[in-house]
Each structure stands twice: as structure tokens, then as C-alpha cells.
Amino acid sequence: MNFSDILTMRHELMLTLLALVILIIDLNLHNRNKHLIISITLGLFFIHTLVGFLPAENSTLFGGMYRTNPLLVMMKNILNVGVLIVLLQSVTWLKKEENREKISEYFILLFSTLIGMYFMISSGDFLMFYLGLELATIPIAALAAYTHHQTKSAEAGIKLLLISALSSGILLFGLSLIYGSTGSIYFDTITQLYKNTPMQVLAFIFFFTGMGFKISLVPFHLWTADVYEGAPINVTSYLSVISKGAAAFILIIVMFTVFNTIAPVYNNILYLISVLTMTIGNLFALRQKNMKRFLAFSSIAQAGFILLGIIGGNIMGMTSVIYFVLVYIFSNLGAFGVVSAISTVTGKDSMDDYDGLYATNPKLSLLMMLALFSLAGIPPVAGFFGKFFLFASAASAGYYWLVFIAVLNATISLYYYLLVVKAMFINKSEEPLAYFKSDLATRTGLVLSGLGIFILGFWSQIYELINSLSFGIIH
Amino acid sequence: MADFTYTLLIPLIPFFTFLLLGLAGHKMKPIMAGLIGTSGLGASAILAYSAAISYFWTGHSAGTPYTSIKAFEIPWLHLTDKLTIHLGVLIDPISVMMLVVITTVSLMVHIYSIGYMKGDTGFSRFFSFLSLFSFSMLGLVLATNIFQMYIFWELVGVSSFLLIGYYYYEKPSAVAASKKAFIVTRFADLGFLIGILMLSFNTGTFDFQTLTDPHGPAIAQAGGAAFMGLSLLTWSLIFIFVGGAGKSAMFPFHIWLPDAMEGPTPVSALIHAATMVVAGVYLVARLFPVFALGAPDALYVVAWIGGFSSLFAAVIACTQTDIKRVLAFSTMSQIGYMMLALGVSGYGGEEGLGFMASNFHLFTHAMFKALLFLGAGAVIHAVHSNEIGDMGNLRKFLPVTHITFLIACLTIAGIPPFSGFFSKDEILVAAFHSNKLLFAIEYLVAGLTAFYMFRLYYGIFWGKNTHYHHTPHEAPKVMTIPLMILAFGSVFAGFLPFHDLVTSDGKGFESAIDWFVAIPSVLIGVVGIVIATILYKKESAMPDRIAGSLKYLHRWAHRKFYIDEVYLFVTRKIIFRYISVPIAWFDRHIVDGTMNGIAGMTVYAAYAVKGLQSGKLHQYAFVFVSGAVILVLIFVYLV
């Protein structure tokens, strides 16, 4: 028996074990003591995150269905750090009376989807990929309906489930066409046989549609707003940050390793979808008054930017996408963290409620400002470099008009991000939100995301690390 | 070779005290903030001294040239393979010398400020700004490449802006002065930036060691006229010098310096005497091999700008009545000396006498000019006025200030054996061997300097018996001790063997006092002092009569030759009326109109797409599938 294989799959195995452990502990705990699960889970997940950083090597398992390498491990680690922050931000909300009985459900469902994402990242064929995709999607529908006594939450769950069924159907249709035309479901074989035939282009479009649903690209995004608004805020933040980041990782891997032979075709598709997504996402975000919906639409627009790096089609593009997602995770979690802290304590999540926030809660306002600046891409915070590298990679591939449109969109987005900053710092309010002190877990989560935004902006080595890892993936 | 990595701490300590005082200063007792700032700077000073000792003496084997060492360097921004921006610490004779100058003066100013700023509401804010400034200035001199220098150059500009405008809440003039200083130097910095871009484009490097290598690419490919008969390298160095001229208040960028005297006096001592204003000199000295070997024409410009500024400022200084403004113009004049010395210098050995002299004068000037400003601060502290007319006969009330001020005056006047004599003598010798006309100008300026300094001295400490509302009293010990330390430095700094330590190529050379130049220069200094003594020691009507007979000249000089008015005329009457107003119209009606139109369209579009987001699931599914089908139609059938 070779134990090194266990180390190779440590992310998936440990997290599965973790989910089981929680289930068992939950069964043996008295109702009064359910909140203990929170700290146990946090501790275990923290260890899991740390273990993830152990060095990794290139290897494959199960005859090529599962593969791993340092870059993939790094992607999983990025997701882990993000999830850790999400968990920290959920603590206050989970401790509420009405959630007490189903704390473990939250963790188990969330970890199941994360395991699904791991498998998608590591998949070496479309079967593993599809299993991962379903595992990553269906439990999220349950999570969205977590507070099922609220109509909106239940509605969000069912909408997500139905639309995801639709998109899975189309994606699966695409996969069967791929199999039909190449006779294989293994990435390595497919990429050698894939050509520009109409059926294969059709298959690719169907596949891309399914991924477009996960990343919420226009026009496959319409579910986003309803689900984001209806789901509990922490689920929304998980959905719009971690789930989307993971999907972006997977998309870029598949694009670069499977469909690279039809790059001239998919670049045109991405061009169109990217322009649509940035523009329509921005147009919707422009007039949102609810902070959750606002962040949801802004994250659609951000997804449009990610496509710029994929179009680049070179190492710089790959690096810039991963770097952008990393930055995006920290920035968006910072923003979501603030919104979540405020809505958990005060129940308010309208932009007007943020008027004069700086006077009462200066630290929260400053963090929110930092996060929004990063999302908007104002130097010298991390978001600027994230966007800069994306634009640079698209420009280096010669897509000047696309970069121009992206810059225009970045400018529009600046407007609505600054609207929130203006509300917090300049607008006067008769009754600003009262001062409150968050608990330790929330504060840790907020500080982590703030530090991430700050450090990534100044610590250029991380970019070079990603760059060196990306080198082996693209030929 | 000694290890100098610890020099990294010299700028970092003030940076941390800045953070500490900036973030937590308002929660501390004021005296606590002062002590933290001062002790931080003290630690930096000790490190700087030990670095200097080990670089120049203990860690250096006698007889070998001083080399430049990169004590620390990290790549900061890796943009492309050819273009990487580093941050680091460069140790060489001039940077070590500047470390000593900056930390010494800054430490003295810190100590002095504890007394001077006592009771001020923004005490801890003041010390955090002082720390920020010290950090920026130290980072500037330690820069390993010209881009890093530019970053700290701008930081210095910002922190000096904050310090000049420190009294923003009670003096609108301080706000105006800080804006003026910032904007004028910003204009000059634009030149600096253009110069950097041209230079690095031309040579492919930002790094000082590569740039200034006598056999390196920068100097090797100097030739070839690019524009108006000058090479690209010459043009880039002239542009870089424009930046230096802005910070160093050289003509015609000097207009911000007198106004900057609105800042607290210790700030003037730190920024406008010893550190920031010599940044331009330092910049030229840093790039000196490139100037001397690659672009002698640019050096010629430096020499003439320096020479003209020194004469121009000395004449104005004779007519000013605000003691700090006299000192400001005197600073400008002395920096002109330093620029001139660089400008007439050659490279290597005795040819590089001017380079050595310039740095020598920079060193001694830092001591005695900081002393003069701090002394002036003590006087202002005692009589609550800046005008000479409100002073007189103060020698009885302020004995320590009086003696130290006198020492500083004798030093700047170039009377032996004070340090100013030695350094000024070297400059005059360098000028004498290079350009007789420049020598004549500087010779005249030496006399003028002695005259206006002693006019100031007599006006403050002798002269008429002014009646004071409150009896002026000597400043507290915490203010007088820095004066005494600096006076000690002013007296003895001249005996440092600069010709062995700080030379253009790192090799020492023999240098002796050239009595043929020294004796006449001392004589003209004495003449200046004697004239000032006759005119100003006792109250008399003579000065006014002389001023009356030189009516127009005096008025012109008193109004600083109307340079400010020229600037105002050009900006208000020409630029604003004929350029800004049409642009503003265009901006308001055409650009804004277009932008508003676009914004309006965006909002309209936002409402138009609203219908998509209906909440109806079947419609979502319809759009979803239609999207897929349209993609298929386009990319399978059409493309």
C-alpha cells in the first residue's frame, strides 16, 4: 500500500473526513451544546488549510482521472483561505437561536461543495469533472434555502436548483457530443483529437454555457440576483466569491488544457460574452440599493474581467487570472464581511442605511473603503494590480478594443463603488447605524481580508510564484 | 569590507515612529510623543555615525579608493525582464555623509522642537510629520536607483508640504505657502520625471552604480547631437537638473522658499537649511560622473544657474527685514555656491576639487545654517516677531543665542578658523581655476554674505534700544543645548579631511589652502563685516539714506526683483485668460456634455435592461437557452 497517494489526495480526503467527523460529533451532542461544533470545525478546518500548504508534486491517480500539481494545489489553497474567512464571518450568524439545531448542516453542505470544487480542479477527465460539478452545485441549493422559513430563502434554493438542472443538462449534452466526436472522455486524448468541426464547436458552446452558469456570465446570469438576495448573506458570499473563483480556476484549466486547439473560435465567443458580462453587470449594479444585490451584480461585472485573462491565452493570462481571483476573494470577502457584520447585528442591508457610517463605525467603514477600492481597482491596493495584469495580458494578445471596453467598464464601476464610499464618509444621516462591536471571529475574518488586500498589493513575489507555477501548464 | 545591512534601519526607525505617532499620537501625552520621536531619531543618528566611522575609517583599508556598496536590495516591481524597479540601500561616500548630516540636524531639530512647540495643540502631529520627513529624506539619499530616489523625492515633497502648512488652522498664509511650495516643486519634478524617463530609455537602466560607472553604457554612448546641438544624454540631465533646481530653490524656481518660512522655525532649520533644499545638490552629485564625463554641457548649465542664483539671492537678502526671509535667501545663495562648485568641477583626482568642495560646503552649511535658523527661532520665541524692526539690543537678554548666532555669522562669512572658511575657500579655488567670471561673481557674493549676515546680527542683538512689552528671556535648556552642539560643529567641521573622504572618484587627493585665493576672500568678508558694523551697530539714519539714494535698485531688490509678480502676470493674465478660460469652456460644454450624455445613456440603458430581471424562473430559463442557441447560431453557422 502506497501512502503517498493519500498525501496526493490530501485535500479531498481530509475534507471528507472532516465532514464525517462533524456529522458524528453532531449526533452525540446535546442540543444545548451544539454551538461547540463551530469552534471545533473552525479549528479542524484551520489545520486542514495549513496541511494544504505542504509541498506537492505532479502526479496522477486512478488512471488519469485525478491529477494534481503545485499549481492546482495552490488553487485549492487559495479557496481554503477564502473559505476560512467565510467561516469566520458566519460565526455570529450561526450562533443565533434559530440556527442552533442546524449548525452542522451548514458546515457539511458547505464542505461537500468544496470537495466538489477540489475534484473539478483536479479532474483529468469529464466524468470526474461532472461528478465534481454536481457535488459542487446541489448542496449549494440546499444552503441557499438554509433559512427555509423565510420565503425568499426557500425561493432562492429552488430557483438555483432548477436553473442548475437546466444548465447541467445542456452541459451534459455538450459532453456527450464531445465523447461522440472524439471517443474519449480523457482530457489528454480529447485535446489531441479536437478540431474545428461544427459539432465540436457546438459541443464546446454547450460546455461553456454550463460553466457560464457557474461563473454567472451574461446571459446565463439571471438567477444570480434572486439567489444572492434570497440566500443568507454568508451563503451569498460563499457563492459569489468561492464558488465563482473555483469555477474561474476550472474554466481556465479546461480552456488551456482541453480546448486549446480551438482557441481561435473560443476567443471570439469569450470576446462577445466578456463585453456583454462587463457591460450588463455594470448596468445592473449601477442602480442597486440593496447591498447584497449590489455586490452580486458587481461580481457579475468582475467575472467579465476574468475572461480577459483567458483570451490572452498565454502564461501571463493564466497567471493574471489566478492572481485576480486571489485578489478578488480577499476584496469581495472584505466587502461581504462588512455587509454581513452589519446585517447580522442590525438587520439592515440597504445602501441608505450606510449613510454616515464612518462617524459611528470608523474601522468597518475604512475596511469597506479598502475593499471597494480594491474591487474598483484603485492603486495601490491589490485590485489595481489584478486588473492591470488582466488588461496587460489581453493587450499583449492584441485585443486592444476589448481592453478599451474593459477600461470603460472599470470606470463605470468606479462610480458605483464610490457611491457606497460616499454614503459612508460624506452623506449625513439623521440616525446613522449605532456603534457596535463585532465578536472575535468576525473581526479576525475582517482583518484577514483587509491584510490580504493590503499585502497582495505590495508583495509582488506572489505574482511571480504563480507565474512560475503556471509555466508547466501551458505549452 | 564591513557589512552595512543594518543601515536599512536608519530610515526605517523614523518610519516606525511616524506610524506610531501618526496612529496613536493623539492618545499619548505630548511630551511622550516628543520623546518617542526624538529617541527614534537618536537611534538612527547613532547607527548613521557608526556606519560613517566604519565606512570611512575602521572598515576601510587606507590607500584604497572608497567604493559604492549595495548594502541591501530587493526587486520591488518586476514589470518586464528589462524593466525592474528595485528598492535598496546604497552606501558610498556622499550617501554616508548625507546620513550624518540629516540625522544630526534632524536630531537637533527634534530636541529643539520639544521646547519650541511646547503647549502647541498639534504637538504629536508635528513630531509624526518630522519623523515622516526624516524617513523620506533618508530614503532619498540611500536610494540605489533613480526611480527609488524619485519616489522618496516626492515623499519629501509631501512631508514638507505637511510641515510648512502645519499652522493651517491659524494662518491662512501657511496654507498658501505650503501650496505654493508644493506646486512649484511639482512643476520642477515634472522635468525630473521627463529626465528620468529619457535617461533610462537611453541607457536601459535605473541603477546608479551602472549609470555612474565611468566605463559603463550610460557614459559610453553619450555622443551624438539629438536636439539643438546637444546629445540626448545632455538633455535628460538638464531635465533632471530642473527637478533638482526646484527642490533646491534655484532661480527661477526659488519663489517658494521665502514663503515657506511660514512653517514653524524648527521646520525651516530642518527642511530649508540642511536637508531638503540640498537634495538638488545631492542629485547632481549622485549623477556626477554622468554629468562630468558624458555631458559637460549640462554641467555648464548647472554652474551658471548656481552662480546666478547665489548672486541674485545675496542681493535680495541685503534688503529683507524679516529675519527668516534673510536666512532663506542666504540659503538659496549658499546652495548656489554648491551648485556652482559642482558645475566647475571635473572628474577624478584634483580635477574633482569642485565636487569635493561642494559636498564639504554642503556639510558645513548644514551645521551653521541649521544653527542660524534655530537661533532665529529662539529670538522669535523671545520677542514674538519676525521683523528686525521689532528687535534690538537682545544680546543682554539672550546670551547663549547671541554667542552661538555670532559664531554662525562668522562661519558663513568665511572667517578662519571656522568651518565655512575652509569649504568656501575650496569652492572659490575651484571656480578660480575653471572660470574667472564665475569666480568674480562668487567673490562678490562672499562680501555680500558677510554684509547681510552682520546686518542681521547687529539688527537683532545690537542696534536701537527697543522697548519690549515683556522682558525677553533666554530659551529653555532643551532649545539652547542643540544650539551649542551645532555651534561646536560649525567651528570644528572645517578640520575634517574631506579631500581624503568625499571625492568624485573615491580616491583621496592632496589639498592645501591656496592663500592666493584665501587671503582676498577673507579680506572681502572682513570688509563686508566692517561696513555692516558702521551702518548697523548703532542706530543711525545712514542705512535709510543709502537706501534712498539707491532708490530703484533697493526697491527692486526688496521686492525680490518682482519675480513673483512676473509669475503671477504670466499665470493670471496669460495662461488663465487665454488658455484656461477657453479650455474650461470646452470642458464644461463639450466634454461634460458628452460625459453627461453618456452617463444619461448608461442610466437609461440600466432601466431598459431591468425587464430582464423579472424574478420569473421560466423567463430566466428562456434567456439561458436562447443565449446558448444564439451562440451556436453565430459561431457554428455564421463564422
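Colleague: Quick one to start: does T103(B) count as buried or exposed?
Modeller: T103(B) counts as buried, because 28 C-beta neighbours lie inside 10 Å. A residue is called buried if 20 or more other C-beta atoms lie within 10 Å of its own, exposed if 12 or fewer, and partly exposed in between, with the C-beta atoms placed from the backbone. This is a predicted model, in which local features need pLDDT of at least 70 and side-chain atom pairs count only at pLDDT 80 or more, while totals for chains, interfaces and linings use all residues. Residues are numbered from 1 along each chain as its sequence is written, and chains are lettered from A and ligands numbered from 1 in the order in which they are written.

Colleague: Where is T103(B) found, and what is it in contact with?
Modeller: T103(B) is part of helix α3 of chain B, where helices (H or I, at least four residues) and strands (E, at least two) are DSSP runs numbered from the N terminus. Leaving aside neighbours within four places in sequence, T103(B) is in contact with L41(B), S44(B), A45(B) and A48(B), and two residues are in contact if their C-beta atoms, placed from the backbone, lie within 7 Å. P11(B) is 92 residues from T103(B) along the chain, yet the two C-alpha atoms are separated by 9.7 Å.

Colleague: Zooming out, how many helices and strands are there in chain B, and how many in chain A?
Modeller: Chain B comes to 26 helices and four strands, whereas chain A has 20 helices and two strands. Of the 639 residues of chain B, 52% count as buried, and in chain A buried residues make up 58% of 475.

Colleague: Which residues have the most contacts inside the largest nonpolar core?
Modeller: Those are V284(B) and A370(B), in a core of 207 residues. A nonpolar core is a set of buried Ala, Val, Leu, Ile, Met, Phe, Trp, Tyr and Cys residues joined through C-beta atoms within 7 Å. Helix α16 of chain B (residues 353-383) provides the largest share of this core, 20 residues. Not counting residues up to four places away in sequence, A370(B) touches V105(B), M108(B), A269(B), A273(B), A274(B) and L486(B).

Colleague: How many residues of helix α11 of chain B are buried?
Modeller: Ten of the ten residues of α11(B), which covers residues 265-274, are buried, so the helix is largely enclosed by the rest of the structure. A269(B), A273(B) and A274(B) are among the buried residues of α11(B). The helices of chain B against which they pack include α3 (93-116), α15 (323-344) and α16.

Colleague: Changing topic, at what angle do α15(B) and α18(B) cross?
Modeller: Their axes cross at roughly 45° and come within 9 Å, with α18(B) spanning residues 419-434. Axes are lines fitted to C-alpha atoms, for helices over the stretch in contact, and angles run from 0 to 180 degrees between N-to-C directions. That makes α15(B) oblique to α18(B), since angles under 35 degrees count as roughly parallel, over 145 as roughly antiparallel, 65 to 115 as roughly perpendicular and the rest as oblique. On the α15(B) side, the contact is made by Y337(B), L340(B), A341(B) and V344(B), and on the α18(B) side by I427(B), A430(B), A431(B) and S434(B). These residues divide into seven nonpolar, one polar and no charged, where Ala, Val, Leu, Ile, Met, Phe, Trp, Tyr, Cys and Pro count as nonpolar, Asp, Glu, Lys and Arg as charged, and the others, Gly among them, as polar.

Colleague: And in chain A, at what angle do α4(A) and α14(A) cross?
Modeller: The axes of α4(A) (residues 70-94) and α14(A) (residues 315-346) cross at roughly 5° and come within 10 Å, and the two helices are therefore roughly parallel to each other. Among the residues that meet there are G82(A) and W93(A) in α4(A), and G337(A) and S340(A) in α14(A). The contact of α4(A) with α14(A) divides into ten nonpolar, six polar and no charged residues.
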